[in-house]
Amino acid sequence: MLRAIWLLILLALGVWAALFLRQMGGNVEISVGQTFIGIPVWLGLLALVVGFVVLHGILSAWKSLRGWPARMRARRAERHRRDGDAAVTRALVALAAGTPDQARTEIRRARGLLGDTPHTLLLTAEAERMAGRNDAANEAFRALVAREDGKFLGLRGLLRDAMQREDWPTAQRLAREAEAAQPGAEWVKTERAALALRTRDWREALALSPPGQLTGHRRAALALAAAMQEPDPAKAATLEKEALSADPRFAPAALAVARRQAAEGSPRRAKTTLQNAWTAAPHPDLATAYLGEEVDALARVKSAEALTHDNRGHPESRLVLGRTALAAGLTGRARAELEGLVSSGQADRRAYLAMVDMDAVELGDSAAGRATEAKWLRLAAAAPPEPRWQCLSCGTAHKGWEPLCESCGTPGRIEWTGSAPVVDPGAAKGGAVATA
Ligand SMILES: [Zn+2]
């Protein structure tokens with residue numbers, strides 16, 4: 001509307017100017033050779049204006065004609081993009097609905113319309129994987145890896161597949177490439193940690209585990225496993241200490257630390273380590289290590305007293321005191337400890353078998369001796385079994401602690417069955433909470 005008004009004003013001005021010039025009069029003369037052409041000024045100007053408008057029209061039409069194929073192409077691309085986007089949406093819906101065949105059909109259509117973009121390649125891979133065609137999925141992932149903008153997505157897909165196939169060397173190579181493509185990505189870190197666990201590279205697994213996520217016994221187990229793999233003694237010592245501080249109740253870590261301290265010429269520090277570990281959670285291996293080199297039976301009783309001093313009421317303390325006293329011939333002392341343990345109701349099979357030994361020493365091969373032996377053996381058979389290292393994942397019993405259960409392949413699940421905390425009312429000043 002505004003444009004029309006302006007045009008009218010312009011036209012009016014033009015007519016007015018023409019009339020004005022006509023009134024003014026005057027001629028324009030053009031001479032070409034011998035020929036003279038004379039026209040009024042107003043007609044000359046009019047001819048100029050008309051000539052300009054006609055030339056402008058011709059040029060505009062030519063430009064429009066030349067741009068026509070490009071416009072057609074743009075329109076077609078726009079239509080393809082719209083249809084392609086719709087196909088991608090339908091493929092996503094099909095994937096979410098768990099219908100891989102329909103997803104594959106839609107994504108093929110989308111690829112035909114949109115070409116190979118990171119989106120279409122990723123969806124192709126997911127649809128093929130869902131349809132169980134892993135080779136086709138990996139082909140799409142490899143096409144992603146070849147692109148700069150889809151490299152990480154492709155590596156991620158290939159790595160997931162390699163881990164599923166348990167092809168560890170390939171998985172490790174892909175994890176390194178993914179780390180290079182996207183340095184510091186949290187997902188890569190998690191996958192590399194899982195990979196390190198699967199390939200039994202405990203040092204790498206520990207290094208990749210964030211301290212906040214991996215704590216307590218699991219961290220202790222991993223640190224000790226890493227220490228066992230570490231060739232550098234100084235680093236191994238640090239890892240052992242890290243294991244012990246992560247879980248002071250973890251006897252194998254205390255034993256490793258104490259063994260190293262003793263080897264470095266600090267037997268007293270080694271004994272303190274074992275005593276502290278016993279106070280935290282008694283374990284027969286700690287007693288074996290503590291009493292280990294002592295041959296004299298009475299000295300062994302003294303050692304046992306020193307070891308158990310701060311956790312006196314624990315069943316494991318009573319058992320070791322009873323056994324060492326019995327070995328030293330202190331039957332009164334042994335009887336007090338073992339009978340106290342049996343009557344506390346916390347005794348396992350080992351205490352009843354120690355009672356058999358004690359009565360054999362005291363009563364000898366007599367009728368009374370045989371009668372009590374039968375009684376203790378009966379009770380031993382009904383008593384809870386002695387604690388042991390057991391895989392909490394598959395239940396297999398192990399002779400000692402190991403980083404990984406060879407039966408089921410689960411890392412960090414072998415635990416001491418006697419380490420469940422119980423409240424022991426008989427505990428001495430070492431603390432009211434002890435372990436059974
Ligand atoms: Zn297992």
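**Reading the model, feature by feature**

Author: Happy to. Leu330 sits in the loop that joins α17 (315–327) to α18 (331–344). Keep in mind as we go that this is a predicted model.

Reader: Is Leu330 buried, exposed or partly exposed, and how do I tell?

Author: Look at relative accessible area: under 20% is buried, over 50% is exposed, and anything in between is partly exposed. Leu330 comes out at 32%, so it is partly exposed.

Reader: And which residues does Leu330 contact, leaving aside its neighbours within four places in sequence?

Author: Those partners are Leu298, Val301 and Ala325. Take Val301: it is 29 residues from Leu330 in sequence, yet their C-alpha atoms are 9.4 Å apart in space.

Reader: Where does Gly26 lie?

Author: Gly26 is in the loop between α1 (2–24) and β1 (27–32). With a relative accessible area of 45%, Gly26 falls between the two cut-offs and therefore counts as partly exposed. Setting aside residues up to four places away in sequence, Gly26 touches Pro40 and Val41. Gly112, by contrast, is 86 residues from Gly26 along the chain and 71 Å from it in space, C-alpha to C-alpha.

Reader: Now the metal. Which protein atoms are the donors of the zinc ion?

Author: The SG atoms of Cys391, Cys394, Cys405 and Cys408, at 2.2 to 2.3 Å from the zinc ion. Along the chain, these donors follow the spacing C-x2-C-x10-C-x2-C.

Reader: Why is the arrangement around the zinc ion called tetrahedral?

Author: Check the angles: four donors count as tetrahedral if all angles lie between 85 and 135 degrees. Here the 4 donor atoms subtend angles of 107 to 111°, so the arrangement is tetrahedral.

Reader: Last one: how do I read a pocket?

Author: The general idea is that rolling a probe the size of a water molecule over the atoms shows where empty space is left. In this model, the largest pocket has a volume of about 420 Å³. It is lined by 21 residues, and those closest to its centre are Leu197, Ser209, Leu214, Arg218 and Leu222. The elements giving two or more residues to that lining are α9 (186–198), α10 (202–208) and α11 (216–229).

Reader: Which element gives the largest share of the lining?

Author: That would be α9, with 6 residues.

Notes. Residues numbered from 1 in each chain as written. Predicted model: local features only at pLDDT ≥ 70, side-chain atom pairs only at ≥ 80, totals over all residues. Heavy atoms only, no water. Donors = N, O, S within 2.8 Å, 3.2 Å for Na, K, Ca; no water. Tetrahedral: all angles 85-135°; square planar, octahedral: opposite > 155°, others 65-115°. Helix = DSSP H or I, 4+ residues; strand = E, 2+ residues; numbered from the N terminus. Buried < 20%, exposed > 50% of the residue type's maximum accessible area, 1.4 Å probe, protein only. Contact = heavy atoms within 4.5 Å. 1 Å grid on protein atoms, 1.4 Å probe; cavity = no way out; pocket = protein on both sides within 12 Å on 5 of 7 lines; lining within 4 Å. Points joined across faces, edges and corners; volume = space filled by probe spheres on them.
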